[in-house]
Amino acid sequence: MTDESGCVRLPVEAVHDLAFRVLRHAGMSEPHARAIADVVTAGQRDDCQSHGLYRLLIITHTLRQGTVSGTATPVVHDRTPAVVAVDACSAFSPLAFEVGSRHLAEKARTVGIAALAINNCYHFSALWPEIETLTAQGLAAMAMTPSHAWVTPFGGGTRPTFGTNPMAFGWPRPDRFPYVFDFATSAAARGEIELHRRAGRPIPPGWGVDHAGHPTTDPDAVINGGSMLTFGGHKGSALSTMIELLAGPLIGDLTSLDSLERDGGAGGTPFHGELVIAFSPALLGLGDTQGDTQRAERLFDAIVDQGARLPSQRRFAARERSLKEGVPIPLDLYHEVKALLD
Ligand code: NDP
Ligand code: PYC
């Protein structure tokens, strides 16, 4: 039943089917259940454990609170030739992205650079699936979003103020996986700390502090009353502030402080907006597309030639393994997810 690492292995389609059934059982409409199942299946397939099937536990918890819509149809507002906004109408974000990204890609191909603002969404997902949707169409792309105020600013702060605020970037590469990075501007995603707590493992130093602001490796002390730290000291703090502003007030939406306040201690998925920007290399360059591609590839070669790896390389390798050997799911997680069908 389990492999040597204690995981159940299922074909990708079976993982998707399990996620879809859990979400339908929890009351979600077919379009939302399918869009969310796509994202959490991709996370599990690519060994992105903090944003794979584990998310179903939090999504269903959030649904039980009754504030999230499992059925709302996203509403598109075509604001300008370069700007589209999608009102998620208090539903989870994946369906809103799916609808909005078609408009975004079309606009970027027409005017060179375009922005998608997703508003009023519950946001739980990794950003790389969205970035890969755009790189697959030959576009470069960036995405960012706040979350709940769990992270204290660099330089003496003790009050959680920023979200874990991920930022992702992608660059299309002909006939190979795109260049993609996607990381929280906290030292690690909240989901990583939660997984350490579930497994009874200490977190690495530098991820968080306890309620008194003392460094700790106890995930529980960080989650309950403590706070998380930014990556890269003052640089992470500034990038996190930028994300709060660009994916918050700039697009008329909430900050992580607002989101946590709105949650009122319920422990649900953060509620706010997301900003996605797409760039057309064909329209922004000077016409030498082949030369531009070669210079980009030379840069990637120069990184890997000296032994460094590209971001997403581990994830893409996990994807290839999962497609060949089945998607590994830790046994306890598998049982918890299946129990959501009871
Ligand atoms: P990590 O710190 O694990 O880093 C993620 C990125 O860095 C990946 O692109 C990863 O590639 C790359 N990377 C890691 N190690 C190396 C290395 N040695 N050399 C080159 N590249 C490397 O992730 P986080 O904990 O910061 O974030 C995990 C996920 O959580 C993200 O997908 C993010 O979107 C999501 N998240 C979502 C939030 C939300 O509000 N929706 C909030 C915060 C996080 P690889 O995958 O191949 O290892
Ligand atoms: O892991 O920090 C996180 C996170 C927040 C919202 C979704 N994931």
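Analyst: A residue is near a molecule or strand if one of its heavy atoms lies within 4 Å of it. This is a predicted model, where local features need pLDDT of at least 70, side-chain atom pairs count only at pLDDT 80 or more, and totals for chains, interfaces and linings use all residues. Residues are numbered from 1 along each chain as its sequence is written, chains are lettered from A and ligands numbered from 1 in the order in which they are written, and side-chain values use heavy atoms, leaving out hydrogens and water.

User: Which residues are around ligand 2?

Analyst: They are His-51, Arg-55, His-123, Phe-124, Trp-150, Thr-164, Ala-189, Arg-190 and Gly-191.

User: What polar atoms lie close to an oxygen atom of ligand 2?

Analyst: A polar contact is a pair of N or O atoms within 3.5 Å; within protein, one must be able to donate a hydrogen and the other to accept it, and residues adjacent in sequence count only if both atoms are side-chain atoms. Here, Thr-164 brings a polar side-chain atom to 2.7 Å from a ligand 2 oxygen. For Gly-191, a polar backbone atom is 2.8 Å from an oxygen of ligand 2.

User: How many disulfides does the structure hold?

Analyst: A disulfide is a covalent bond between the sulfur atoms of two cysteines; the cut-off is a pair of sulfurs within 2.5 Å. This structure has 0.
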